[in-house]
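This report is for a reader new to the structure.

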Amino acid sequence: MKNKKTTLDQIAEAAGVSLSTVDRVMNRRGSVSPAKEAKVLEWASRLNVDRVLYRGYMRVLRIAVLMQSPKNPFYKGLRNAFAETGAAMSEMRINCFVHYLNLANIRATVKQLHEIADSYDALIVVCPDDPDLSDALRQISGKKPVVTLVTDIPASGRLTYVGPDNRQMGRAAGELMGRFTGPEGGDILIVLGMQNMTGHEEREMGFRSVIREHFSHCHISASLESGEDQARAGEVVRRALQENKNVRGIYNVSAGNSNIAQTIMAMGLEKHVVLITHELTPERRRMLRDGIIDAIIDQNPQEEARRALEVLARHFNRIQDAVPYGSHTPFNIYIRENCPKEIDML
C-alpha cells in the first residue's frame, strides 16, 4: 500500500496555524509573517513533503551583506566568496547582495543600515563596534535576523557571530613573533586597522598576552592605528622606525602590508625586522615567497560566507543540519615553505 501524501491540513495542525496560512505559504501568496512561514516550512520538511517540491514552495530570501570597500584585498576576497557560495546555495532559494559601508561617516552609515534593512529579510554585517552602529543593528535585529561576520558586535542583538577566534589568532601571531625574533628579542610595533573593530582589539589582546607570558625579551613599544588606510599604514610605521632603531618586529593586524613592506625595504631593514600579518591575498603571498613577510595568519572567507548563509538558512528552516551557532571558523598559518601556489588563490 502506498504512503499517503502529506496534506495541507496535516501541516497546519502540526505547525499550529490555520489552513489558509499554510495555503498562502505553500503557494507563495504572501501576507504571512516570517516566523509563521518558517514554522510552516519546518513542518512541511518534517512531514516529508517532497524535497524538490518543498523548496519550490519557498519564497526567495533576500540577504544583505554589508562590508567595507573591496579596495581592501580581504573584502574583495570576502565579496567573491559570497558570490560563489550564494550561487552554490541557490537551491535553498537564498539570494545575497553585497553593499559597501563608508565608515568615515557613522551617521550616514546608520541611515544606510536602516534603509538597506527595509528591503531585505536578514543582514550579514562586518563593521566596527561603534555605539551608534551597534544601537542601529539592535533596532534592526528586533525585526529581522542579523549575523555579525569576521568581527563581533556583542551588543547588536545579533543572532550569532560567524568568524575566527580573533584572540586566538593574536596569540598565534605572538608565538610566531617571539620565536622569529630569537633570544635577543627587541622592540615590537603593533599596527591596528581600527581600534573599535572588536576583532582587531582581540587580536592585539591575544598578541600582548603571549608576549607577556612567554617572551620577556620582547617589548611592545607602540600600538599604531592605520584607519585601514594603506598609505597611512606605511607612514606611521616609517615614523616609528625612524624614532626607534631597536624595532625588531612588526605585527600588522589589518591592511597596508604593501606600504609597510616598502617602508621596511626603503630603510634597508628587511633582514632585520620580522613582519607578521593576516590574510593570504595574492600580493601578500608574493611578499611571503620573497621573504619580505615572515608569516601570514589566514582566515577562510569561503568558510565564513558559507557558515553565515547556513546560519540564516537554518534560521528560516531552509536546512535542518548546519554547524552549531557560536563555533569559530578555522584559520591557517603560512610561512614561505607551505605557501600555496597562486593558482589556488582567489
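## Cysteines

A disulfide is counted here as a pair of cysteine sulfur atoms within 2.5 Å. The model is a predicted one, and by this rule its count of disulfides is 0. In general, a disulfide is a covalent bond between the sulfur atoms of two cysteines.

C127 shows how the rule works out. The closest cysteine sulfur to that of C127 belongs to C96 and is 18 Å away, which is too far for a bond. C127 has a relative accessibility of 1% and therefore counts as buried. C218 is also a buried residue, because its relative accessible area is 7%, under the 20% limit.

Five strands make up an open sheet with the order 2-1-3-4-5 and parallel pairing. Strand 2 and strand 5 (160-162) are at its edges; each has a single partner strand, so one side of each lacks a neighbour in the sheet. From one strand to the next, the twist averages 25°.

Strand 1 and strand 3 run parallel and are joined by 4 bridges. In this pairing V65 is placed opposite I124 of strand 3. Helix 6 lies across strand 1, strand 2 and strand 3, and runs at about 165° to strand 1.

Strand 6 (residues 186-192) pairs with strand 7 in the parallel sense, over 7 bridges. D187 is opposite H219 of strand 7.

In soluble globular proteins, nonpolar side chains tend to be buried together. The largest nonpolar core in this model has 48 residues, and the members that touch the most others are I63, L78, F82, L123, I124 and L149. Several elements each supply at least two residues of this core, among them strand 1 (61-67), helix 5 (73-88), strand 2 (94-100), helix 6 (106-117) and helix 13 (301-315). Another core, of 24 residues, lies apart from it and includes A233, I250, L275 and I293.

Which residues does I63 touch, not counting residues up to four places away in sequence? They are I94, N95, C96, F97, Y120, A122, I124, L309 and L312.

## Two single residues

Q299 is in strand 10 (residues 295-299). Is Q299 buried or exposed? Its relative accessible area is 1%, so Q299 is buried. The side chains of Q299 and E279 are joined by a polar contact of 2.7 Å. Leaving out residues up to four places away in sequence, the residues touched by Q299 include F74, V150, P164, R203, E304, P330 and F331.

E213 is in helix 9 (residues 198-214). With a relative accessibility of 44%, E213 counts as partly exposed. E213 and S69 are 144 residues apart in sequence, and their C-alpha atoms are 37 Å apart in space.

Terms used
Residues are numbered from 1 along each chain as its sequence is written. This is a predicted model: local features need pLDDT of at least 70, side-chain atom pairs count only at pLDDT 80 or more; totals for chains, interfaces and linings use all residues. Side-chain values use heavy atoms; hydrogens and water are left out. Buried means under 20% relative accessible area, exposed over 50%, partly exposed in between (1.4 Å probe, protein chains only). A polar contact is a pair of N or O atoms within 3.5 Å; within protein, one must be able to donate a hydrogen and the other to accept it, and residues adjacent in sequence count only if both atoms are side-chain atoms. Contact means heavy atoms within 4.5 Å. A nonpolar core is a set of buried Ala, Val, Leu, Ile, Met, Phe, Trp, Tyr and Cys residues joined through side-chain atoms within 4.5 Å. Two strands pair if DSSP finds at least two bridges between them. Axes are lines fitted to C-alpha atoms, for helices over the stretch in contact, and angles run from 0 to 180 degrees between N-to-C directions.
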